[in-house]
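Hello,

Here is the structure I promised to pass on. Please open it first; my notes follow below.

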Amino acid sequence: YTVENIARGFTDLSDEEIEKYKVCDEYDQKSLTVPEENTKIQLGFGDIYFYFYAIDSEDALRYLNITQPENHERRFLLSERFPKKDLAQLSREEAIKICDQAIADAKIPAVFENAFAMDYETLCKLQEDASKQYGEGFYCAPGSEYIEGSDPWNGTWNVKQWTKEQEAYYVVYKQQLDEKRFYSPTYPWIELFVNADGQIFYANSGMPALDLSQAKKEEQKIISAQEAYSMGAAILQKQKLNQSKILSVKLCYSHKKYINVEEENEKVVGASASIIPCWEICFGTDVSGTNVNDYLYLDAVTGLEVQNGIY
């Protein structure tokens with residue numbers, strides 16, 4: 001990633017303004033901050049991930065947190081969590097177009113995955129239910145804060161409730177590599193949040209922007225799509241998802257990421273990734289009358305499932 005491309009994708013800054021505000025510190029970590037506009041871009045060490053904020057970073061994380069179920073297992077739950085298709089002020093289709101343009105302008109090779117309407121009623125209900133079970137600081141709205149000086153174990157919160165003005169879309173993309181979908185087992189998505197006014201106010205990717213032009217390549221014999229289908233069906237049966245239906249089997253890539261760090265001053269001197277071919281198995285499951293799609297990923301050489309970075 002580059003600060004310049006991220007800024008062109010997610011802000012209205014001119015090239016002159018981008019040059020004015022961007023910085024690079026002694027550790028080669030790049031960022032851009034416009035204090036008067038509450039805009040910030042931050043690239044990770046080695047430029048392998050990015051964050052974009054147009055609101056306070058803690059408030060942005062409150063949006064991200066409410067997309068994550070308590071056990072952090074997203075399978076099937078997002079469609080149940082946010083069942084509404086459109087927000088009153090901005091349609092789902094319009095929000096996707098805005099995000100598509102931003103992704104293109106930022107020169108991120110990614111393909112649209114899904115979009116979820118975070119409507120006011122649902123946000124308030126999620127907050128209410130979670131606060132009863134886990135405490136008042138759970139799923140609280142932007143602007144909430146922990147009261148300083150209180151007991152960290154039994155302290156109190158200045159809790160804010162979600163308002164209609166805070167409605168947004170959560171829009172998810174998957175990166176592509178050589179025009180094939182790319183799957184990262186540790187952080188598989190590029191995430192964007194766009195408000196009802198059509199402004200993207202938070203975006204992030206925890207995976208690197210990859211380029212095969214300098215890669216060392218080797219041919220490998222892979223299992224067939226038919227074999228992958230059979231292996232996927234066996235995994236679904238083992239997971240007691242017998243009623244799920246496999247919809248497609250497509251070749252994609254996954255990766256193992258390595259960062260080379262100079263021990264003396266911890267300055268990143270390079271980053272590399274080992275890319276492996278995978279079979280992406282898309283399957284559908286009926287959840288309370290709604291068909292929800294999900295994915296399995298199999299190492300195309302060994303046939304073992306790629307899950308949480310463990311094969």
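In the hairpin formed by E1 and E2, five residues lie between the strands, and aspartate 28 takes a positive phi near 65°. Strand E1 covers residues 22-24 and strand E2 covers residues 30-34. They pair in the antiparallel sense, over three bridges. Valine 23 has serine 31 in E2 as its bridge partner.

E2 also pairs with strand E3 (residues 39-43). These two run antiparallel and are joined by four bridges. Here valine 34 stands opposite threonine 39 in E3. E2 and E3 make a hairpin too, with four residues between them. In that turn, asparagine 38 has a positive phi of about 55°.

**Overall picture and confidence**

Keep in mind that this is a predicted model. The protein has 311 residues, and 44% of them are buried. It contains seven helices and 14 strands. Of the contacts with a separation of 6 or more, 59% link residues 24 or more positions apart.

The average pLDDT is 84, and 84% of the residues score at least 70. Helix H5 (residues 92-105) has the highest confidence, at a mean of 97. Strand E9 (residues 180-183) has the lowest, at 71. Residues 257-266 need separate handling. Their pLDDT is below 50, yet the stretch has 21 contacts in the model beyond near neighbours in sequence. Where pLDDT is low, the predicted coordinates should not be read in detail.

**Cores**

Nonpolar side chains tend to be buried together in soluble globular proteins. Which residues touch the most other members of the largest nonpolar core? They are Ile6, Phe10, Leu32, Phe50, Ile108, Leu192 and Ile200, out of 62 residues in that core. Strand E8 (residues 168-177) gives the most to this core, with seven residues. There is also a second, separate core of 12 residues, which includes Ile223, Ala228, Leu241 and Trp279.

Phenylalanine 50 is worth a look in the viewer. Leaving aside neighbours within four places in sequence, its contacts include Tyr1, Ile6, Phe10, Leu43 and Ile108. Gln42, Ile190, Ala203, Asn204 and Ser205 are also in contact with phenylalanine 50.

**Asparagine 5**

Asparagine 5 sits in helix H1 (residues 3-10). Is this residue buried or exposed? Asparagine 5 counts as buried because its relative accessibility is 17%, and the cut-off for buried is under 20%. Not counting residues up to four places away in sequence, asparagine 5 touches Asp105, Ala106 and Lys107.

**Helix H7**

H7 spans residues 225-238, 14 residues in total. From its first C-alpha to its last it reaches 20 Å, close to the 20 Å expected at 1.5 Å a residue. Its buried residues are Ala228, Gly232, Ile235 and Leu236. Why are these on the same side of H7? They cover an arc of only 95° around the axis, so they share one side of the helix. The background is simple: an α-helix has 3.6 residues a turn, so residues three or four places apart point the same way.

The face of H7 turned away from the buried side carries the exposed residues Gln226, Gln237 and Lys238. Just after H7, lysine 240 takes a positive phi of about 60°. Ala228, one of the buried residues of H7, is also in the second core.

Best wishes

Technical notes: Residues are numbered from 1 along each chain as its sequence is written. This is a predicted model: local features need pLDDT of at least 70, side-chain atom pairs count only at pLDDT 80 or more; totals for chains, interfaces and linings use all residues. Side-chain values use heavy atoms; hydrogens and water are left out. A nonpolar core is a set of buried Ala, Val, Leu, Ile, Met, Phe, Trp, Tyr and Cys residues joined through side-chain atoms within 4.5 Å. Buried means under 20% relative accessible area, exposed over 50%, partly exposed in between (1.4 Å probe, protein chains only). Contact means heavy atoms within 4.5 Å. The expected span of a helix is 1.5 Å times one less than its number of residues. The arc is that of the directions from the helix axis to the C-beta atoms. Two strands pair if DSSP finds at least two bridges between them. pLDDT is the predictor's confidence in each residue, from 0 to 100.
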